[in-house]
Amino acid sequence: IAKYLLTAFHPITLNVIRYGIVAVVLGVVYHRFAERLHHRGLWLFLLANFFGAVSWIFIFFSYRNLGVVSTTLILTLHPLLVYLSAVLFLKERLHWKKTLAFVIVLISIAAAQLVV
């Protein structure tokens with residue numbers, strides 16, 4: 001759905017609309033709990049939502065420019081890169097299944113780029 005919406009909306013606009021709708025719905029539902037919220041917790045909550053919004057904007061730009069398949073394959077690399085960094089820096093054991101999954105995802109990205 002996001003790919004089709006991005007043909008009509010700019011990625012930042014689409015994200016503002018998405019977050020706006022969610023904010024209105026959740027604001028109505030959880031308004032009664034807002035009085036008990038500490039100010040420090042509110043700032044941390046807003047900071048976390050800011051970073052989440054930025055990441056979704058990047059994802060929407062990637063959907064629009066690279067396509068859904070390439071973006072999904074690139075995002076699939078993230079947990080595997082975290083695992084490989086744990087192997088390199090934290091000296092964890094290397095599991096052959098996870099290494100094979102990493103190689104398969106890399107081959108899939110290369111194949112998707114060749115087809116496009």
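Analyst: Happy to. Keep in mind that this is a predicted model. Let's begin with spacing along a helix: Phe60 and Tyr63 sit 3 residues apart in helix α3 (residues 39–66), so about one helical turn separates them.

User: How many aromatic pairs are there, and what is the geometry between Phe60 and Tyr63?

Analyst: For ring pairs, look at the centre distance and then the angle between planes. The count comes to 3 aromatic pairs. In the one formed by Phe60 and Tyr63, the centres are 6.4 Å apart and the planes make 45°, which is tilted; tilted is the class between under 30 degrees (stacked) and over 60 (edge-to-face).

User: Are Phe60 and Tyr63 buried or exposed? And which residues form the aromatic cluster?

Analyst: Both Phe60 and Tyr63 are buried. Together with Trp56 they make one aromatic cluster. Check for charges over ring faces as well: Arg18 lies over the face of Trp56, at 4.5 Å from the ring centre.

User: Let's move to α4. Where does it bend?

Analyst: Compare the end-to-end span with the expected one, then look for a bend. With 22 residues, α4 reaches 32 Å from its first C-alpha to its last, close to the 32 Å expected at 1.5 Å a residue. Even so, α4 bends by about 30° at Pro79. Just after α4, Lys91 takes a positive phi of about 60°.

User: Which residues of α4 are buried, and what covers them?

Analyst: The buried set of α4 is Ser70, Thr71, Leu73, Leu77, Leu80, Tyr83, Ala86 and Val87. Their cover includes α3 and α5.

User: Could you zoom in on Thr71? What is it in contact with?

Analyst: Thr71 belongs to helix α4 (residues 68–89). Its relative accessible area is 3%, and buried means under 20%, so Thr71 counts as buried. Setting aside neighbours within four places in sequence, Thr71 is in contact with Ile59, Ser62, Tyr63 and Leu66. Notice that Tyr63 is also the ring paired with Phe60.

User: And α5: which residues are buried, and which are exposed on the other side?

Analyst: In α5 the buried residues are Phe102, Val105, Ile109 and Ala112. They cover an arc of only 95° around the axis, so they lie on the same side of α5. On the other side of α5, Trp96, Lys97, Ile107, Leu114 and Val115 are exposed. What covers the buried residues of α5 includes α4.

Definitions and conventions
Residues numbered from 1 in each chain as written. Predicted model: local features only at pLDDT ≥ 70, side-chain atom pairs only at ≥ 80, totals over all residues. Heavy atoms only, no water. Helix = DSSP H or I, 4+ residues; strand = E, 2+ residues; numbered from the N terminus. Buried < 20%, exposed > 50% of the residue type's maximum accessible area, 1.4 Å probe, protein only. Contact = heavy atoms within 4.5 Å. Phe/Tyr/Trp six-rings, centres within 6.5 Å; stacked < 30°, edge-to-face > 60°. Lys NZ or Arg CZ within 6 Å of the ring centre and 35° of its normal. Arc of directions from axis to C-beta. Expected span 1.5 Å × (residues − 1). Bend = angle between axes of the 7 residues up to and from the residue.
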